[in-house]
Structures are given as structure tokens and as C-alpha cells.
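Student: I have not seen this structure before. Please show me how to read it.

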Amino acid sequence: MTEFFHMGGYAAFVWPSFGITAAIMIAIVIDSWRGFVRERDTLDKLQSQRTKRKPS
Amino acid sequence: MVSLHKFANPARFVRMSSALLPWMVGMSAVLITVGLYLGLFVAPPDYQQGESMRIIFVHVPSAWMSMFIYSGMAIASATGLIWKHPVADLLAKASAPVGAGFTFATLASGSLWGQPMWGTWWVWDARLTSYLILFFLYIGYMALWEAFDDPQRAGKAAAILALVGAVNVPIIKFSVDWWNTLHQPASVMKMDGPAIDSSMLVPLLIMALGFTAFYGAVVIVRTQREIMARKVRTLRMAQVQA
Amino acid sequence: MNRFFSLVRRDVALAFRQGSASTMVVMFFILTVTLFPLGVGPEANILQRISSGVLWVAAMLASMLSLDRLFQADFEDGSLDLLTLGSLPLEVTVLAKCLAHWLTTGLPLIIIAPLLGVLLHLETSGYVTLLISMLLGTPTLSLIGAIGAALTVGVRRGGVLLSLLVIPLYIPILIFGVGSIDAAIGGLTERPHLFVLGAMLLGSVALCPWAAAAALKLNLE
């Protein structure tokens, strides 16, 4: 197992490149999801205000 | 609600893409896991580059995605300009940060690959240079979106820029290749090395498919977010006017 | 055709009236080039090696400097609206403006470039190619720049954004402009480079006014 993580002496290059790619992809997912939730919540709030106002 | 008909089309997009989303998420998770397993455990080390060759399994798929997403943005922009498809501009906008992220990943992993292969963190290699310029194109596209207050106008301007960029990408690629052959340093090891063996090609393709599914899933979420943002904007405007 | 040239004449006259834009551009060019010997040192062989690149990069930046005014002034005082209503298609108007921009910035740069070449110890065999490459290349800079200027015409602080948009698109011209001079100095044939520069010029004459006009239209809506 240590041998696997050692990557034939190239660990310092192999793992960071996998790590950076993974970090970027995870960051994209988090950013996308957060933005989605934020817009959904504001939209819900606005629409509920609308329906409340309608009967009057 | 005068602008209700505008949402007819986006509503269909939301419905269809929501149905597609779980499949995309599942596919990307499965394919990336399998690709990583094959790439890290099954594929033998390269006889020249040793284990450092494994960087290829994130570097090359990222590079493919960078180009793929830019082409997708150009196609979406053309659709938006010609047929005034309301979702197309948003799709292009939603794609740009993902493409920029993959381009950055390409540059970072390329740099980390260059250190053991070339003995330096950065080489003005034709491919790395092209991707650096592609990264600038993504940044410019996103900056132009941000520069306008009116999203309709921003979308059109960004679409024109994306098309101009798409016409230029092959020219830039060609000129950078030309430039590189003129200034080629004496001993540069080619990144792709000799012919690719199938033990490498299979995980590479699986990773690329996984990344594509990842892009699909993310772009669905981001486009829906843009659609909602536009709805919020219309509702706010209606509120102000009421 | 007459209207086309009267538009060019008007823009050139305006450029000279407004505190002489050409002088500023040429001064910027000279100052930028002066910075390089101060930055990298006065050794003649180093300067000679980088002279073609420095001249082209500086010329490119100088020509970009005045781009944000290409449509801005006409946009602000409303004459751009008049120009779109006129009988001339907007694409042709854009082409006229590009020609005027080139006459007031590109051409002065070309005239001054050989002089700066002397300061940078550019080899004698490179001067003719320097002139030809700039004659073919700088109009393309104005044309591509017009797209960026049209896209950012209504934008606050459009100048910085403009350079962000335009510089990546300028790279092919830089590569082939410098490449032609280096080829001539190195005793190789500079012709392929110049042909590519010419092809890029023709391509941008055909495509850039069209894209810039589309961008202007959306900003005028």
C-alpha cells in the first residue's frame, strides 16, 4: 500500500495533480449546488408573496 | 404576466433536464470510479516515464473537456443568436466556469507532469501555451457577462464573443504550433510519448466519459439556476412596477 | 463609396482635433520600447535578439490603447445612432472607422518603428520585413480590436475589459509578425509568414466588421 502511494518516486507530482483536479471539480459542484439552492429559495419566497397578495 | 410565454421553453428544459440529472450523476460517479481504479491500479507504469505517466488520466480528460466545453459554448451561442432560443445563452453562461475550471486543471496537471519530465514547472510547449490562451478566452467570456446589467444584452454580447473566439481558436492553435516548431528546444520529451497502449487508452476513455457526464450534471444544475435567477429578476421587476 | 471616405475623413479629422490621439499613441510606443533596454540591460546582443518581439508587442499595446475611443465618443454623443440610421450599412461604417483608426494609430507606428529598431540594434536585414509585416498586421489589429470596442461600448470601465477580450485574439498576429522578421534576419524566407499575415488581414476585413456591427447593434437597442 505504501508502495502504491509512493508512485515510484513520483508521488509529489501524481497526487497533487489528481488532488487539484478533484478539488476543482468538487468546488464546481459546491458552487453550482449553493447557487441553485439560493435561487430556488428566493424564487419560492417571491412566489409565496405573490400568492398571498392575490386574494386581496 | 406578459412574459409567461418566455418560460414555456425553459420550463420544458427544466422538466427534461431534471429527469436526466440523476442519470448523469450516477454515470459520472460510476465511470470516474472505474476509470480511477483502472488507471491507478490496473494500468502498468510506462516504461519510460514510470508511474508519473498516471497523471495522463486526469490531464488528458481535462484537456478534452476544456475544448469540448468551449465548442459547446460556441454552438449554444450560435443557437441563441440565430434562433433566439432563451435557454441557449444560459447554457453557455453555465458552461463557462466549468470549462475554465477544467482548463485550469489541465494547466496545473500539465505543470506537475512537466516537472519530472522536463525538469521545470513550466515549458512554453505548444499545447500548454494553447491551453493558457484558452483559459484567457474563458476568463474574458465570463468577464463580459459580468460587465452588463441587462442579462439579455449580456447574453448577446457574450454569444458574439464566444463565436469570435471559436473562429479564432483554430487560428491560435495553428499559430502557437508554428511558433513552437520555430523555437523548439533541443531535447523535449513529447508528452504523449510512443503509441498509446490499450491498457492506458481504456481508462483514459472511461475517465473522459465520466468527466463528460460530470459536466452534463453540473451544467444542468447551473442552467436551472440561471433560469430561476431570470425568473426572480422578472418577478422583482413586476413587483417594482406594481 | 464617397460616403465611406467622407466618414473616414471625418474620423481622422476628429482624431487630430481631439488633442492629437496619434501623438499620444506614438509616445506610448516610444516609451514602452525605451523601457526594455532599461529593464533587460543595454547589451547590444540581447537587445538585438529581442528587438523584433519588443517592437511588435509595444506596437500592439499602443494600437490597443486608443481602441476604447473607437466607438465611445460617437456612442456618447448619439452620432452612432445617426450613423446606423444612415444609408450606409453599419458593417461599412465599422470598416470606415477601422480604416480611420489605422490611419491615425497604425500608420504612425509603422513610420516610427524603424527608428526604434535602430535603438534596439535590429539587424539591417530585418527592416524591410518589419515594415511589410506591420503594414499587413496593424490593420488586422484595428479590425479585431473593433469587435472588442463594439462589445464594450456601453460598459463602465470598458478599457480594461477590452484588453482582456482582445489580447488573446491578437496572439496569432504577434507570432507571425515577429516570425517574419526573425526569418528574414535568420536568412530564411519570410514569405510564408507574410502570406499568413495577409490571409489574416483578408479574413478580418471580411468577418470583423460583421461581428463588430452585430455587437454595436445590440448596444444601441
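Predicted model: local features only at pLDDT ≥ 70, side-chain atom pairs only at ≥ 80, totals over all residues.

Tutor: Residues are numbered from 1 along each chain as its sequence is written, and chains are lettered from A and ligands numbered from 1 in the order in which they are written.

Student: Which chains share the most contacts?

Tutor: Two residues are in contact if their C-beta atoms, placed from the backbone, lie within 7 Å. Of the 2 pairs of chains in contact, A and B share the most. Chains A and C have no contact, and their closest C-alpha atoms are 23 Å apart.

Student: How many residues of chain B are in contact with chain C?

Tutor: On chain B there are 23, which meet 19 residues of chain C. Helix 5 (151-182) of chain B gives the most to that side, with 14 residues. Helices here are DSSP runs (H or I, at least four residues), numbered from the N terminus.

Student: How is the length of a helix checked?

Tutor: The expected span is 1.5 Å times one less than the number of residues. Helix 2 (residues 56-83) of chain B has 28 residues and should span 40 Å; its end C-alpha atoms are 39 Å apart, which agrees.

Student: What follows helix 2 of chain B?

Tutor: K84(B) does, with a positive phi near 55 degrees, although K84(B) is not glycine. K84(B) counts as exposed (12 or fewer other C-beta atoms within 10 Å of its own, placed from the backbone), because it has 10 such neighbours.

Notes. Helix = DSSP H or I, 4+ residues; strand = E, 2+ residues; numbered from the N terminus. Buried ≥ 20, exposed ≤ 12 C-beta atoms within 10 Å, placed from the backbone.
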